[in-house]
Amino acid sequence: MSVAGDTSQTIVVAGGSLAGHTVVAELDRRGFTGDVVWVRGPEGTAPYSRPALSKELIQGKVTRDTIRLPVPERYGLRLRVLDHAVCARLDPDADRVLVTRTAGAGEEWIPFDALFVCTGMRARVPAAFTGLPGVHCLRTLADAERIKERLAGRPRTVVVGAGLIGSEMAASLRSCGLPVELVVQGRLPMEPVFGAELGRFCLDRHHAHGVTTRLGATVTGLSAAGPRGPVTLTYDDGERTSADLVVLGLGAVTSCDWLDGGGLDLSDGLGCDAALRTARPNVFAAGDVANWWHPVFGRRMRVEHWSNASAQARHAVESWSAAQEGREPAPFADVPYFWSDQYGLKYQMVGHAHGHDEVRVERTGADGHPFVTYFRAGRVVAAAGVNAPRAVMRMKARIQSEGMTTQGVYAG
């Protein structure tokens, strides 16, 4: 089948962030000339750089206009963009999705020949903390702009959660000259991601820049004294503190509940095979929501990082294209990579450290920043460093090469 010359197919792309954006661009780049219906979600904005929200945007270094993703060039596909709209249900028997407009503006069934699920994640916010004045999560551009609006009043701030978003927010708020308390539910900031060595390094950087930390603490209650009044935080040890702005960085949950009943594996995101194909042959997944078998690490995983979303979206289109041409697609084998910018330092990590049984720590550069290599069963599976981009990227190539050889996927 000639993909480029096929004008009869309809492809639905669910999700308006980087993965969805990349699927549309990749379909067009490959010469698809059919119909693409792009359901971009409830935000009503063009796709933008999400990593900038907790860093450059909060710090006022960029604007909503400058973080927009480039508009995909269009050569031949017929594109219909649906904003303020979400996919609400999958009808697997008829190969169609129910698209609903937000604010009660109607709904319609859209039949498809192929569906790409790129609906990502949404912020995890306990129900008791939802809707309180002065309490915000950070997942969308609208979230970031609501927080920025509060900064004009020079608020006392508390950041709850010390993962990547929480640590970046604490650093950004301090760069704005604001008082910051960082609530760390575990022992150290970012420890679940980077481990103890880099977690201690991150904690020291927060202290050096004047952040007050509360370690091993859980917020059990929030109460707000009116639209502009202070927020009182209650902790599990009974202590209380107050702030004018509370930012919640409590993680995220996958946005794929609309697929329930569609005969797909939704046990942790949307289950796929190594080529990003779901249990239905014409449904593919990409981005944070995709749970696939990674041939390098020999396990299923989801990766919630920016660079993975674009690479995975291109590969999902390649798998769709392979199906059109009657050939077997290759597995998606990119080694995960992400970064975090805090206080002028760049933390970077490649690989997948889950299940590691050995850690080796070196000191690199003139400042002696830690460089950590993670091993599992004698094989390097991840590496992380601070201001060490070359060393980190060298490890990416090694991890991929050794992983493929060990798993035997491409051997021979």
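Which residue in β25 does Arg-363 stand opposite? It's Pro-370. This is a predicted model, where local features need pLDDT of at least 70, side-chain atom pairs count only at pLDDT 80 or more, and totals for chains, interfaces and linings use all residues. Residues are numbered from 1 along each chain as its sequence is written, and side-chain values use heavy atoms, with hydrogens and water left out.

Strands β24 (residues 358-364) and β25 (residues 369-376) pair in the antiparallel sense over seven bridges. Strands here are DSSP runs of E with at least two residues, helices are runs of H or I with at least four, and both are numbered from the N terminus; two strands pair if DSSP finds at least two bridges between them. Four residues sit between the strands of this hairpin, and Gly-365 takes a positive phi near 70 degrees.

Next up is Asp-334, found in the loop between α7 (306-325) and β22 (337-342). Asp-334 counts as partly exposed because its relative accessibility is 34%, and that class lies between buried (under 20% relative accessible area) and exposed (over 50%), using a 1.4 Å probe and protein chains only. Leaving aside neighbours within four places in sequence, Asp-334 is in contact (heavy atoms within 4.5 Å) with His-294, Ala-311 and Gln-400.

As for domains, whose bounds come from an automatic or database assignment, the chain is divided into domain 1 (10-122 + 253-325), domain 2 (129-250) and domain 3 (344-404). The centres of domain 1 and domain 3, taken over C-alpha atoms, are 30 Å apart. Five residues of domain 1 are in contact with ten residues of domain 3.
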